[in-house]
Amino acid sequence: MTATGSRYRRGPFREGDRVQLTDPKGRMHTITLAPGKQFHTHKGHVRHDELIGAPDGSTVTNTAGVQYLALRPLLSDYVMSMPRGAAVIYPKDAGQIITMADVFPGAVVVEAGVGSGALSMSLLRAVGETGRVHSFERRADFAEIAVANARAFFGEDHPAWTVQVGDLVEALPHEAEPGSVDRVVLDMLAPWDCLDVVSQALAPGGVLICYVATATQLSKVAEAMRDHGTFTEPEAWESMVRGWHLEGLAVRPQHRMHGHTGFLISTRRLAPGVTPPLRKRRPGRGYAPQEDESGSGTGEHAGSSGDDAGSNGSDDGGTAEQEWTPEALGERVASPKKMRKLVRGVVPPTER
Ligand SMILES: C[S@@+](CC[C@H](N)C(=O)[O-])C[C@H]1O[C@@H](n2cnc3c(N)ncnc32)[C@H](O)[C@@H]1O
C-alpha cells in the first residue's frame, strides 16, 4: 500500500506539482507546474516546461539570467504559504502536539476547530491510513478551505479524514462512542466549553491537548480541567524556536523570530470513577480552593488538603475571590529574616 500523498513527494517534477522557487536573494515563489505556462517576475520569466521532468532540487535560469533553486515545498513550507481563513498552528507547535500528545499510527483523533487545516495535515500524517482524524469546524467556509488545502497537499482526499461542519459540543456525542477516542486536540477560543463532551469521548488514558493564544485562556482552561474531576493534573508549556544566521564567521542567532505563537496545555483522561490524586506540591500561601455547591471544595484537585489551603488572609474561610498576592501568583518572596540580611548588605549602618 502506498502512503497517501507519498507519490507526490518524490521523483522528478510532474505536471500539477507545486514547486517552490528561491531566487538569489532568498525570496520564494510557489508555482504549480503546467505545460506551456510561464512564471513571470519584473525581471524575465521561467518556462514551466523546463522544470517538468527535472529532478527535485534542480536549478533553472530565467530569460534575464536569474537563477532559481526549485524544490518541492515541505509540509512546513506549505502550511505557511497556503490560503488561510484563520490563523494556523505553526510547524513548531504542530511538532510539539504530535509528539507530546503521542499521536501514533492507527490512532483515533478528534480535532476542533479545523481552521485552515494546517494541524489536520500533521495529524493525518501521524495517524496514517489506518487511523482516523475526525475534525469539527463551526464555519463551513473555513472547512471548505481546509479540505481544499489538504487535497492540494496530499494530491487526493486523505482516506483517514472526515471533516464535519458544526460545533464540537453538539456534534461529538453523535459521532464518537463514549471512550472510543485516543487523542483530542482543541484549537479554539473557548476549549473549556468542550470538556464534558471530550471527557466522554476519550478512552481512559487518552490525551487532551489544547492550543491557546493567551495566558488568560491558559489559566481558565487549566482550572476547568482541574475542576472537571476526570482529568489528570494538566501540564502547560510554550516553545520558542530561534533560527540561526550562518554566514562566514557571523554564526549567531537571527535577529528576528516569532516571539509568541501560543501555549500548549495537556492532560489525560482518568479511568471512569477515579478521582484525581492529590497534588503533592504545596500550594502557595495565597492559594484558595474554590468551593463546590456542597461546600466541600472542588478539591480533590489542587491541594485543598495542603496546610496553607484557604489561608489567603481573608476572614471568609478562603471562599472569596483570590487575592493577587505574589504568593498566589507563584512568585518566591524573601522571608523577613532574609530581607533584613539583604538590607544589612546594601544599606550602610549609619543610614539604617
Ligand atoms: C485558530 S482556528 C484553527 C486553526 C487550525 N488549528 C489550523 O492549524 O489551521 C480556530 C477555529 O476553531 C473554530 N471553532 C471555535 N470553536 C469551535 C467549536 N466549539 N466547535 C468547532 N469549531 C470551533 C473556529 O471557527 C475557527 O475556525
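Q: What makes a run of residues a strand here, and which strand holds A112?
A: Strands are DSSP runs of E with at least two residues, numbered from the N terminus. A112 lies in strand β7, residues 108–112. This is a predicted model, in which local features need pLDDT of at least 70, side-chain atom pairs count only at pLDDT 80 or more, and totals for chains, interfaces and linings use all residues. Residues are numbered from 1 along each chain as its sequence is written.

Q: Why is A112 called buried?
A: A residue is buried if 20 or more other C-beta atoms, placed from the backbone, lie within 10 Å of its own (12 or fewer: exposed; in between: partly exposed). A112 has 26 such neighbours inside 10 Å, so A112 counts as buried.

Q: Which residues does A112 touch, leaving out those up to four places away in sequence?
A: Contact means C-beta atoms, placed from the backbone, within 7 Å. A112 touches S135, F136, E137, L168, L186, M188 and C194.

Q: What makes a set of residues a nonpolar core, and how many residues has the largest?
A: The set consists of buried Ala, Val, Leu, Ile, Met, Phe, Trp, Tyr and Cys residues joined through C-beta atoms within 7 Å. The largest has 64 residues, and V109, L123, V127, V184, V185 and A201 have the most contacts inside it. A second, separate core of 9 residues includes L21, L33, V46 and L51.

Q: Why are β2 and β5 at the edges of their sheet?
A: Two strands pair if DSSP finds at least two bridges between them. The open sheet runs β2-β1-β6-β5, with antiparallel pairing. β2 (28–32) and β5 (58–61) each have a single partner strand, so one side of each lacks a neighbour in the sheet.

Q: How do you know that β1 and β2 pair?
A: β1 (residues 18–22) and β2 share 5 bridges in the antiparallel sense.

Definitions and conventions:
Helix = DSSP H or I, 4+ residues; strand = E, 2+ residues; numbered from the N terminus. Contact = placed C-beta atoms within 7 Å.
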